[in-house]
Amino acid sequence: MLKQLDEIQEQALAALEAVPDLAELEAWRIKHQGKKSTLNQILRDVGKLPREERPAVGKRGNEVKVALEAAYEAKKQALERGELAELLEKDRIDVTLPGRPAPLGRIHISTKTLREIYAIFAQMGFQVYTARDVELDLYNFELLNMPPGHPARDMWDTFYTTREDVVLRTHTSPGQIHAMREYCPEPIRVILPGKCYRYEQVTARSEFMFYQVEGLAVGKRITMTDLKGVMAEFARQMFGADRRMRFRASYFPFTEPSVEVDMDCIICSGEGCRVCKYTGWLEIAGAGMVHPIVLQNGGYDPAVYSGFAFGMGPERIAMLKHDIDDIRYFFSNDLRFLGQF
Ligand code: FA5
């Protein structure tokens with residue numbers, strides 16, 4: 001029996017030596033120290049032995065038990081230390097590695113174009129004046145020489161609100177009245193940028209929401225030549241000296257005479273495409289000499305003062321500049337498009 005106990009100790013310690021991890025250590029513990037282990041069986045049955053053998057077997061059995069327990073604890077601690085070291089090694093952070101770059105936003109192409117427009121007009125002495133997106137019918141139409149029922153109101157498909165006299169502005173021209181009433185009788189040289197809204201068919205060249213930049217100059221002895229000079233200088237700086245610009249006679253109720261300003265279409269080089277409606281020209285602005293009635297509504301005496309005004313579309317300008325063949329890209333939020341600028 002004593003020899004068997006020696007063997008148990010020897011085998012158990014040898015097996016313990018080979019245990020590689022905590023999971024197998026638990027299996028070892030159950031096998032060698034568990035209730036059903038041979039060692040515990042022997043210790044349980046000590047009472048059944050002949051009286052003279054009992055003390056020696058009991059003593060030796062307990063020694064083996066204590067030895068296995070001590071060896072188990074030592075092994076357990078060694079394995080735990082090893083696993084911790086392994087974990088630390090695996091999770092080690094290289095603090096010298098550069099961080100992952102966070103994606104940065106870009107300036108929207110409309111904003112970028114607006115800023116270019118501001119810069120060009122700033123050189124010519126124009127200040128930025130901002131007016132509201134939601135307007136009274138009075139400013140959007142009436143004070144611009146379009147009383148209720150005026151047929152020219154049909155030029156702008158309007159978003160009305162639940163209040164009959166409140167609209168989403170269809171153009172930035174109502175800002176002309178706000179600016180004139182604020183500055184009168186001082187001379188004015190302002191640009192008025194902002195979003196405009198039109199209840200119209202969305203196509204390659206027309207959106208239902210887009211930007212406009214209005215321009216307004218009021219003073220004494222301002223003539224159509226000043227308008228032409230300002231527009232030509234703007235086009236030269238925006239598009240380059242080799243691009244062609246033309247003034248085409250037009251009609252707006254708030255200017256007289258009125259023109260439309262076209263640039264030659266860069267997309268088809270003047271040959272005709274769907275963006276320029278097969279004309280070879282793309283309209284970038286409406287313009288003209290401020291109508292005497294509008295000057296009067298702004299507080300200026302048309303016998304003394306005159307002025308010119310224009311309203312241009314930055315998206316149309318960006319399309320011409322960057323060869324973009326569809327305006328719908330601007331506000332459809334596709335980062336593949338927006339990231340290019
Ligand atoms: C006007 O809105 C006039 N208020 C412009 C004006 C101002 C004339 C001052 C005289 C004096 P028009 O509807 O043509 O005019 O628009 C002016 C410009 O806005 C156009 O030349 C075009 O560049 C841009 N635009 C007009 N409609 C749209 C649209 N649906 N989508 C994108 N750009 C547009």
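Analyst: A polar contact is taken here as a pair of N or O atoms within 3.5 Å. By that criterion, an oxygen atom of the ligand lies 2.9 Å from an N or O atom in the side chain of arginine 198. The model is predicted, so that local features need pLDDT of at least 70 and side-chain atom pairs pLDDT 80 or more, whereas totals for chains, interfaces and linings use all residues. Residues are numbered from 1 along each chain as its sequence is written, and side-chain values use heavy atoms, with hydrogens and water left out.

The backbone also takes part: a polar backbone atom of glutamate 207 is 2.9 Å from a nitrogen atom of the ligand, and a polar backbone atom of isoleucine 284 is 3.2 Å from a ligand oxygen atom. Of the 670 Å² of accessible area that the ligand has on its own (Shrake-Rupley method, 1.4 Å probe), the protein covers 96%.

Around the ligand there are 27 residues (a heavy atom within 4 Å), of which His171, Ser173, Arg198, Glu200 and Glu283 come nearest. This shell comprises 10 nonpolar, nine polar and eight charged residues, with Asp, Glu, Lys and Arg counted as charged and Gly among the polar ones. Strands E5 (209-219), E7 (255-264), E8 (281-290) and E9 (306-312) each give two or more residues to the shell; strands are DSSP runs of at least two residues, numbered from the N terminus. E8 gives the most, with five residues.

Terms used: Polar contact = N/O pair within 3.5 Å; in protein donor to acceptor, adjacent residues only side chain to side chain. Helix = DSSP H or I, 4+ residues; strand = E, 2+ residues; numbered from the N terminus.
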